[in-house]
Amino acid sequence: MDLSSLVTVFDSALRLSIPLLAACLAGLWSERSGVVDIGLEGKMLVAAFAAAAAAYAFGSAWIGLIAGIGASVVFGLIHGFASISQRGNQIVSGVAINMLAAGLTAIVGNAWYAQGGRTPPLEGVQRFGDALFGHSALVYIVLLAVPLTWFVLGRTRFGLRLRAVGENPAAVDTAGISVTGLRYTAVIIGGVLCGIGGTYLSVGQSAGFLPNMTAGKGFIALAALIFAKWRAWPALGACFLFGLLDAIAIRLQGISLPGIGEVPVQAIQALPYLMTVILLAGVIGKAIPPRAAGVPYVKER
Amino acid sequence: MSAPLDLPKWADTILVPAISVVAAFLVAGLVVLGIGENPFSATRYLIQGSLGTGEGLGFTLFYMTDFIFVGLAVAVAYHAGLFNIGGEGQATLAGLGIALVLNNLTFLPGFLLIPLGILGAAAFGAAWAAVPGYLQAKRGSHIVITTIMFNWLASVLIVYLLVNVLREPQSMNPETHAFPEQSYIPFMHEVFAVFGIEIPASQLNLTLVLALAASYFVWLLIYRSRLGYAIRVVGSNPAAAVYAGISPARITIIAMVLSGALAGGLAVNELMGYQHRLLLEFTSGYGFVGIAVALMGRAHPVGIILASLLFGILYQGGAELAFEQPAITRDMVVVIGGIIILFAGALDGLFRRAVAHVLTRQKLARA
């Protein structure tokens, strides 16, 4: 491989890792506060739809972004209401969010545009064009979220409290700080990040919404989150690694490698899932989630 | 879990699920209104299409068969305190098991081949569930995450196998050679025709009987057997189970194996009963519907059969409805499923508390 094709692969890896990174950081915020979120996929999907629909209707990519974030936050709040206020099962709620998102986007898209669930193609200012080095503004916003997440979670009082709520909510409660408030804040931040990720899919990377366009990215992001052991910088690394695998898989399609022959694309596609399972099995290192993740907080205990 | 509320049994098993379903339909009705369609005519087409004709009823029961299996699969794991959301992957692998058995043992007669195919489905489904079960039991990796990963691994694996290995050389479609004819599970209309009774032709086949038998078996297992008792003890209190001499690790693996084998029933109904070949995406997301079915049916076989019938009506009626009112596509069923999961699963406490509140007030008023 020569230098120019190396740059191309790197470039497409960055592109492919951005939605993963946005969702992964969303999951990081949520789970660090003790709310398990397997609805990342669904939130990105509604955001992608709302963003494309709004960008088309108002002729502005930025209005699309606002709509995408709004839709994702609403879904995040449904999850928050079920898991924080109602102390419901967070996994069940996440599954419901994913199904709702898949069904609603398809139905509403079909009813509004009658193009088999797609939105009309976006062009010009309806999309995020290249801002710098051939990448759109959203790419830099998501990349910026990494140091921001690291700093706020690791270096501020708010971040300390938020992490404490994910480890030992009773201690935070005793200190007179609202567990509910902190967890809702985390869920909303997660909603905003998923919103940006979804918007990037439909208004940045592609020109419009396609049914089920997230295609499992929310779950790869979940895998990346485990891989990164719930930390911001490693999340960047894990998402870039999975993006790179994706880019290599696309690049290697139909190419025969010397000595190995043709590598099946599926073998590379399976790697993120396989690596996560192996990591979770504790064969290489150990991934330990926040201690209170998935456990609803009951005050009177 | 929320604080236990003392509800009479009838309220707990019938009223609360019923309220969740009604609430789900109200929200679905609002969605239909929101896209500018008439929810009342939609409901009429839905009922008419699923129960109004003999053919429609046949299709409804065909889908019901699918949902009973995946619902039971989720329920058995649920009793052990495990959340198996890997039904999709387990059913996919079960399909692979069926194809391997049927297309390699073509020389066998039907009465041997059909049971072997079913066993193949159960074994492959069970194996695909056993690995996450083992990892949860012995290595402490979270079952939800591993079953999600195993769903994706299954879908990648089946694409690879169908495109590169199992596909017929001349065929362009990623699907296997058709199964040998003696391995087809007879259609219900064929069975009835033997007895001289004519019923409308549909996809409904004898797998329905297997599904009902599986429901009875699961009832016996969970509520009437020593193993079922152990499963329920581990599910409600793993620490107490250890004191009672029950190994939670062992029960975890056993429950997942049973769960995966039951999920394999979906592949039996779809492939041996109807498609007669292995093809991509035959599970159609039904594995997730199984979660809704199990939650709505309170993880009890009778509840699961009723919930499966409801979803059968929704799927068959939804197909007919999409024909009459094209704006309401079949995705509506996914939406309803999602809302039911939300209401009957995650927001369950909301209705329980409301019911408990009303009941106490009545009691106080009487006293």
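Colleague: What makes the largest nonpolar core a core, and which residues have the most contacts inside it?

Modeller: In this predicted model, the largest nonpolar core has 226 residues. The label requires buried residues of the nonpolar kinds listed for a core, joined through C-beta atoms within 7 Å. Those with the most contacts inside the core are A:A22, A:C24, A:L25, A:A224, A:A235, B:I98 and B:I341. Helix 3 (residues 54–79) of chain B gives the largest share of this core, 16 residues.

Colleague: Why is this core said to lie between domain 1 and domain 2 of chain B?

Modeller: Domain 1 (1–37 + 330–367) and domain 2 (42–326) of chain B both contribute residues to the core, and therefore it lies between them.

Colleague: With which residues is B:I341 in contact, leaving aside its neighbours within four places in sequence?

Modeller: A contact requires C-beta atoms within 7 Å. With those sequence neighbours left aside, B:I341 is in contact with A:V92, A:V95, A:A96 and A:M99 of chain A, and with B:I291, B:A292 and B:L295 of chain B.

Colleague: What makes up the contact between the two domains of chain B?

Modeller: The C-alpha centres of domain 1 and domain 2 of chain B lie 27 Å apart. Their contact takes 14 residues from domain 1 of chain B and 13 residues from domain 2 of chain B. On the side of domain 1 that touches domain 2, helix 1 (9–34) and helix 14 (331–346) of chain B each supply at least two residues. Helix 14 of chain B provides the largest share of that side, with eight residues. By class, the side of domain 1 of chain B has nine nonpolar, three polar and two charged residues.

Colleague: Which elements of chain A give two or more residues to the side that touches chain B?

Modeller: The contact takes 36 residues from chain A and 40 residues from chain B. On the side of chain A, the elements are helix 4 (90–113), helix 9 (217–227) and helix 11 (265–280). Helix 4 of chain A gives the most, 15 residues. This side of chain A divides into 24 nonpolar, eleven polar and one charged.

Colleague: Which residues of helix 6 of chain A are called buried?

Modeller: The label requires 20 or more other C-beta atoms within 10 Å of a residue's own. In helix 6 (residues 157–167) of chain A, the residues A:L162, A:R163, A:A164, A:V165 and A:G166 are buried. The buried residues of this helix pack against helix 1 (3–32), helix 5 (137–155), helix 7 (169–174) and helix 8 (179–205) of chain A.

Key. Residues are numbered from 1 along each chain as its sequence is written. Chains are lettered from A and ligands numbered from 1 in the order in which they are written. This is a predicted model: local features need pLDDT of at least 70, side-chain atom pairs count only at pLDDT 80 or more; totals for chains, interfaces and linings use all residues. Helices (H or I, at least four residues) and strands (E, at least two) are DSSP runs, numbered from the N terminus. Ala, Val, Leu, Ile, Met, Phe, Trp, Tyr, Cys and Pro count as nonpolar, Asp, Glu, Lys and Arg as charged, and the others, Gly among them, as polar. Domain bounds come from an automatic or database domain assignment. A residue is buried if 20 or more other C-beta atoms lie within 10 Å of its own, exposed if 12 or fewer, and partly exposed in between; C-beta atoms are placed from the backbone.
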